[in-house]
Amino acid sequence: MTVIMRSLETAVPETVMVQSDVRDVFAAQPGLSRLGTRLVGAAFDSSGINTRYTAVKEMTLDAPSENPVFFDSAERRILSPSTKVRNEVYAEEGTKLFIEAAAKALTAAEGIEPADVTHVITVSCTGFFNPGPDYKVVRALGLSPAVQRYHLGFMGCYAAFPALRAAKSFCEAEPDAVVLVVAAELCSLHVRSSNNPDTIVGSSLFADGAAAAVISARDYKATTPALSLDFFETVLTPVGEESMAWNIGDEGFEMVLGTYVPHIIDEHIVGALEPLLARDETLADKQYKDIEHWAIHPGGRSILDKVEAKLDLKEDQLVPARETLRDYGNMSSATVMFVLKHILEQPFDGADERICSMAFGPGLTVETALFTKVGP
């Protein structure tokens, strides 16, 4: 049985953050030490990011807010709202992103109607509310009230893979299943000014966005390329538990993103790939660069540099990840789906093309997947 991703769509908020402008704002915050100012410049300038998107409309220099909560543009000062205030914005604006991405994915899924959806899986680590985004999607899109709903929360940047793996399992167990997977993250809600290096790195990377996919093993006639979901594996590295974490503080969620993370990935990426590639004997004698596409979660430019060098990949194989990072930043769980969409939209001659994909998150957890780009 072949399980196919019938559509893959993305959505971002309207407010654009230009990286150089955001850098200057962060570097000018009161209370920032001389070292902190230098760290801000270094982190932002080496991020590989040009633009990001935020659901916080007042986080712009173009439209001053009368009663600012997150950012006082008149004084160019980053404010410190409580976790409750941040989460209220998540519930309102996050719901919009979940619904927009899901609606686009359903519209793009040829031969599939909202009434066909049997399962909804939502993914997010940047806020909480209940009834949650899974419920909101069902109601907004007019799905059957009997749809099975699942929410994967607070897993971090790798969470799209457990969601896709679950979707594949549902389809294999129920051949008529149609699974809607939606990942949405509002990372920008949790940015803050700080002298802490981890906080500064997080502020230079994270952004908001959503992605959704419709997955099924049903036999539909399609006119555009799609992705088959082949294999998934999970590996925990022997070190790194303290190097990447996501904690709840009084003034938002607090990201721990240690500078040693790229080194951990460099040391353990080959071992993390072994169980995945062993699932397909046709890959046994291939070099990594002989696999056509690599969909790497762009956790940061240094991570992509380590992956490219360690696996001896060709420069163009990292273009989808680097361009996603450049144009959107790190949107946590949704980001790797943006990379997959980039690959899916590349010119295609009809011959099957293999995709090896990876994402990294707290633990240190390495999630890997093999997909195949297939013709209609």
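## Basis of the model

Helices (H or I, at least four residues) and strands (E, at least two) are DSSP runs, numbered from the N terminus. The model is predicted: local features need pLDDT of at least 70, side-chain atom pairs count only at pLDDT 80 or more, and totals for chains, interfaces and linings use all residues. Residues are numbered from 1 along each chain as its sequence is written, and side-chain values use heavy atoms, with hydrogens and water left out.

## Overall fold

The chain holds ten helices and 15 strands. Its C-alpha trace spans about 60 × 45 × 35 Å along the principal axes.

Of the 376 residues, 56% count as buried. Buried means under 20% relative accessible area, exposed over 50%, and partly exposed in between (1.4 Å probe, protein chains only). Among contacts in the chain with a separation of 6 or more, 77% come from residues 24 or more positions apart. Contact means heavy atoms within 4.5 Å.

Two packed helices are described by the angle between their axes and the distance between the axes. Here, axes are lines fitted to C-alpha atoms, for helices over the stretch in contact, and angles run from 0 to 180 degrees between N-to-C directions.

Helix α1 covers residues 19–27 and helix α2 covers residues 34–45. Their axes lie 9 Å apart, at an angle of about 170°. α1 and α2 are therefore roughly antiparallel. The classes are set by angle: under 35 degrees is roughly parallel, over 145 roughly antiparallel, 65 to 115 roughly perpendicular, and the rest oblique. On the α1 side, the contact uses Gln19, Val22, Arg23, Phe26 and Ala27. On the α2 side, Thr37, Val40, Gly41, Phe44 and Asp45 take part. The contact of α1 with α2 divides into five nonpolar, three polar and two charged residues. Ala, Val, Leu, Ile, Met, Phe, Trp, Tyr, Cys and Pro count as nonpolar, Asp, Glu, Lys and Arg as charged, and the others, Gly among them, as polar.

## Helix pair α9 and α10

Helix α9 (residues 319–328) and helix α10 (residues 335–344) have axes that come within 9 Å. The axes cross at roughly 125°. α9 and α10 are therefore oblique to each other. α9 passes α10 in a right-handed crossing. A crossing is right-handed if the near helix is turned clockwise from the far one by less than a right angle, and left-handed if anticlockwise.

From α9, the contact draws on Val319, Pro320, Ala321, Glu323, Thr324 and Tyr328. From α10 come Thr335, Phe338, Val339, His342 and Ile343. By class, the contact of α9 with α10 has seven nonpolar, three polar and one charged residues.

Most residues other than glycine have a negative phi, and most peptide bonds are trans. Serine 332 is not a glycine, yet has a positive phi of about 55°. Serine 332 sits in the loop between α9 and α10. With 3% relative accessibility, serine 332 counts as buried. Phenylalanine 154 also has a positive phi, of about 65°. Its loop runs between β7 (148–153) and α5 (160–173). Phenylalanine 154 is partly exposed, at 26% relative accessible area.

Asparagine 130 and proline 131 are joined by a cis peptide bond, with omega about 5°. Proline 131 lies in the loop between β6 (119–124) and α4 (133–140). Another cis peptide bond links glycine 363 to leucine 364, with omega about 0°. Leucine 364 lies in the loop between β14 (353–361) and β15 (365–374).

## Selected sites

Serine 73 lies in the loop between β4 (71–72) and β5 (77–78). Serine 73 is buried, with a relative accessible area of 11%. Neighbours within four places in sequence aside, serine 73 is in contact with Thr60, Pro64 and Ser65.

Glycine 271 belongs to helix α7 (residues 261–277). Glycine 271 is partly exposed, at 37% relative accessible area. Its C-alpha atom is separated by 18 Å from that of proline 362, 91 residues apart along the chain. Alanine 103 belongs to helix α3 (residues 83–108). Alanine 103 is partly exposed, at 27%. The C-alpha atoms of alanine 103 and isoleucine 248 are separated by 31 Å, and these residues are 145 apart along the chain.
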